[in-house]
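Student: Could you walk me through this protein, one question at a time?

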Amino acid sequence: MSTETLAQHGEGWIGLAMIGKTAFALLLIVAIILLCAWLLRRLNGLPGQGQTLKVVGSRALGPKERLVVVEVEGTWLVLGVGGGGINKVHELPAPTRAASPHEPSDDADEGTSFAARFARALSANGKKTLGGNGKSGRAGS
């Protein structure tokens with residue numbers, strides 16, 4: 001092989017290496033941006049920072065109007081939210097333990113829990129369709 005042929009191939013490899021370095025630098029910058037975004041999201045969610053405001057409940061009153069109960073530092077604020085703005089309707093002290101629809105209450109007995117009511121409904125439905133009145137439950141039989 002001549003030195004001229006080696007020089008031509010060497011320039012090609014140098015160009016390819018330059019493209020690889022540029023692509024790596026671009027990927028590194030994108031990774032740094034994603035890491036910063038993730039860190040900001042994590043740091044904003046730390047307890048004690050901005051956790052003094054909690055929406056207790058909300059009810060739609062119309063297409064653009066809502067009634068919202070917000071807990072702020074041990075006080076419940078009843079707010080009217082509409083297209084024109086937000087108005088304080090009422091203010092009252094927050095109860096020691098608010099009853100939330102997402103949390104099961106401690107004093108719920110076995111007869112009123114969802115699982116017990118669902119089991120009773122299934123058994124009643126099963127008795128009605130499987131027997132009791134002599135019909136099979138299928139139409140046309």
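This is a predicted model: local features need pLDDT of at least 70, side-chain atom pairs count only at pLDDT 80 or more; totals for chains, interfaces and linings use all residues.

Tutor: Residues are numbered from 1 along each chain as its sequence is written, and side-chain values use heavy atoms, with hydrogens and water left out.

Student: In what order do the elements of the protein run from the N terminus on?

Tutor: Helices (H or I, at least four residues) and strands (E, at least two) are DSSP runs, numbered from the N terminus. The protein has two helices and four strands. Read from the N terminus, the order is α-β-β-β-β-α.

Student: UniProt lists residues 12-40 as "transmembrane region". How far apart are the end C-alpha atoms of that span?

Tutor: That listing comes from an unreviewed UniProt entry; positions follow the numbering used here, feature names are shortened, and annotations may be inferred rather than shown by experiment. In the model, residues 12-40 are 100% helix and 0% strand. The C-alpha atoms at the ends of the span lie 43 Å apart.

Student: What percentage of the protein's residues count as buried?

Tutor: Buried means under 20% relative accessible area, exposed over 50%, and partly exposed in between (1.4 Å probe, protein chains only). The protein has 141 residues, and the buried share of them is 6%.

Student: Which strands sit at the edges of the sheet?

Tutor: Two strands pair if DSSP finds at least two bridges between them. The four strands make an open sheet in the order β1-β2-β3-β4, with antiparallel pairing. Pairing on one side only marks the edge strands, which are β1 (53-60) and β4 (85-93).

Student: How many bridges join β3 and β4?

Tutor: Go along the sheet. β1 is joined to β2 (residues 66-72) by seven bridges, and β2 pairs with β3 (residues 75-82) over seven bridges. β3 and β4 form a hairpin with two residues between them, and the number of bridges in this antiparallel pair is eight.

Student: Which residue takes a positive phi in the hairpin of β2 and β3?

Tutor: That hairpin has two residues between its strands. The phi in question is near 50°, and the residue is Glu73.

Student: With which residue does Lys88 form a salt bridge?

Tutor: A salt bridge is a side-chain nitrogen of Lys or Arg within 4 Å of a carboxyl oxygen of Asp or Glu, and by this rule the count comes to one. The closest N and O atoms are 2.8 Å apart, and the partner is Glu91.

Student: Is Ser58 buried, partly exposed or exposed, and what is it in contact with?

Tutor: Ser58 lies in strand β1. At 38% relative accessibility, Ser58 counts as partly exposed. Contact means heavy atoms within 4.5 Å; leaving aside neighbours within four places in sequence, the contacts of Ser58 are Arg66, Leu67 and Val68.
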